[in-house]
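Me: I have a structure to go through before class. Can you take me through it if I paste it here?

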Number of protein chains: 2
Amino acid sequence: MGVAGRRELEEEAGLRNVFLEQLYTFGAVDRDPRERVVSVAYYALVKLADFSTKAATDAADARWFPISKVPRLAFDHANILATALTRLKGKVRYQPIGFELLPPKFTLSQLQHLYEAVLETNLDKRNFRKKVLGFDLLLPLKETQMAGRHRPAQLFRFDTDKYAKLKKRGFNFEL
Amino acid sequence: MGVAGRRELEEEAGLRNVFLEQLYTFGAVDRDPRERVVSVAYYALVKLADFSTKAATDAADARWFPISKVPRLAFDHANILATALTRLKGKVRYQPIGFELLPPKFTLSQLQHLYEAVLETNLDKRNFRKKVLGFDLLLPLKETQMAGRHRPAQLFRFDTDKYAKLKKRGFNFEL
DNA sequence: TCAAAAGTGTTTTCTGTACACCCATGC
DNA sequence: GCATGGGTGTACAGAAAACACTTTTGA
């Protein structure tokens, strides 16, 4: 499923291997029922780095907005966006999709900031680390990341194989 | 949304006021792509009592199966059913949809059996009652139900108004 | 009086949350 | 040496889980 959407994304925006999920199918009831438009909406999670390089050049009219600054949208598009955000907030709590939005190597702080942004809350650093490391899905690398004049941060990568196995066994992640 | 599906249900099966939710939109990729069939699937929760009376007469070819005994289904229908079951199991945990499947007056044991069936587990009687009554969404009636040679059971009804209000405030139910 | 389901509290374990200080680095 | 974000452990409270006996009825 979502094959067409995936191909679209790939051809139009040059993005592959992104998290892509069907959102909802919207039927515009308020228009002429004989000429009814039905939109099967998908949403994707795209790393900002990927987007700004490849996609920005290929799909010239695509743009990037912070949630708080999205302009007025045509038709029911605002509604669709709202649906997507609600879904994302719900989904992020029991499925570790946060990792889709980070580069392959990332620090725990980056991950935390991401979750804080999506959930629109603040999280306790120690508790966050405790919990997320407790899932045993993050592999510490031998590298660190130096960014600014402070202690370098440990880099991790997400263990997709392990995650796939646990998911098959009906494992439950709750952040 | 789901207006058409609701009308269908009402006209074809004579069922109204049932819980109806969009499930997923299935595109049959494996058929000829130019003559592609796209199915927007919905699922509904129907009280067995309603179904066997009204619906059974109107929609003559509709039948009722226990999950374990559903016959082989055509096309991708088995896949659709599996999707619905997964969704139901997930949904039942944070939204009290169990009540949709019971008559207006019901006992706590009935409710518990329902949850056990859907979740495919056993639940502790005392813990279940404690939790479910803790939500303060069940109103005890002055009636009891006698069914068999044992102590009669207290009947309850679900407080839909209160639920609607709590839901608006972003309340979180977790069973 | 027996079988069968209804009903009821307490203890223990686990999970979530709050909270403060040292560390490594660049300037 | 100081500013900045990285990194760590413990104590407390509330939630979840385990657990066994009495009650009411029909036969």
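Reply: Start with one term: a nonpolar core is a set of buried Ala, Val, Leu, Ile, Met, Phe, Trp, Tyr and Cys residues joined through side-chain atoms within 4.5 Å. Also keep in mind that this is a predicted model.

Me: ok, which residues touch the most other members in the largest nonpolar core?
Reply: A:Phe106, A:Leu111 and A:Leu138 do, in a core of 29 residues. Two or more residues each come from strands S1 (19–27), S2 (38–45) and S4, and from helices H3 (77–94), H4 (108–119), H5 and H6 (160–168), in chain A. H4(A) gives the most to this core, with five residues.

Me: and what is A:Phe106 in contact with?
Reply: Leaving aside neighbours within four places in sequence, A:Phe106 is in contact with A:Phe99, A:Leu111, A:Leu138, A:Gln154, A:Leu155, A:Phe156, A:Arg157 and A:Phe158. A:Phe106 also belongs to a cluster linked by ring pairs, together with A:Phe99, A:Phe135, A:Phe158, A:Tyr163 and A:Phe173.

Me: back up a bit. How many helices and strands are in chain A?
Reply: Chain A has six helices and four strands. Read from the N terminus, the order is α-β-β-α-α-α-α-β-β-α.

Me: how much of chain A is buried?
Reply: Of its 175 residues, 31% are buried. As for contacts in chain A between residues at least 6 apart in sequence, 50% join residues at least 24 apart.

Me: new topic, the DNA. Which residues are closest to DNA strand D?
Reply: The closest are A:Lys125, A:Arg129, A:His150, A:Gln154 and B:Arg149, out of 21 residues that surround DNA strand D. By type, the residues of that surface are three nonpolar, six polar and twelve charged.

Me: which part of DNA strand D is within 4 Å of the protein, sugar and phosphate or bases?
Reply: Both. Of the atoms of DNA strand D within 4 Å of the protein, 42% belong to sugar or phosphate, and the rest belong to bases.

Me: what lies 3.0 Å from a phosphate oxygen of DNA strand D?
Reply: A polar side-chain atom of A:Ser109 does. From chain B, an N or O atom in the side chain of B:Lys131 is 3.3 Å from a phosphate oxygen of DNA strand D.

Me: where does A:Arg126 come in with DNA strand C?
Reply: A polar side-chain atom of A:Arg126 lies 3.2 Å from a base nitrogen of DNA strand C. For A:Lys131, a polar side-chain atom lies 3.2 Å from a phosphate oxygen. A:Arg149 has a backbone N or O atom 3.0 Å from a base oxygen. H5 of chain A, and H5 and strand S4 (153–158) of chain B, are the elements that give two or more residues to this surface.

Me: is B:Tyr24 buried or partly exposed?
Reply: B:Tyr24 is partly exposed, because its relative accessible area is 21% and buried means under 20%. B:Phe26 is at 4%, so B:Phe26 counts as buried.

Me: what about B:Phe99 and B:Phe106?
Reply: Their ring centres are 5.8 Å apart and their planes are at 45°, so the pair is tilted. Both residues are buried.

Me: last one. Where is B:Gln95?
Reply: B:Gln95 sits in the loop between helix H3 (77–91) and helix H4 (108–119) of chain B. Its relative accessible area is 18%, so B:Gln95 is buried. Not counting residues up to four places away in sequence, B:Gln95 touches B:Phe19, B:Tyr163 and B:Phe173.

Definitions and conventions:
Residues numbered from 1 in each chain as written. Chains lettered and ligands numbered in written order. Predicted model: local features only at pLDDT ≥ 70, side-chain atom pairs only at ≥ 80, totals over all residues. Heavy atoms only, no water. Near = heavy atom within 4 Å. Polar contact = N/O pair within 3.5 Å; in protein donor to acceptor, adjacent residues only side chain to side chain. Nonpolar A, V, L, I, M, F, W, Y, C, P; charged D, E, K, R; others polar. Buried < 20%, exposed > 50% of the residue type's maximum accessible area, 1.4 Å probe, protein only. Phe/Tyr/Trp six-rings, centres within 6.5 Å; stacked < 30°, edge-to-face > 60°. Contact = heavy atoms within 4.5 Å.
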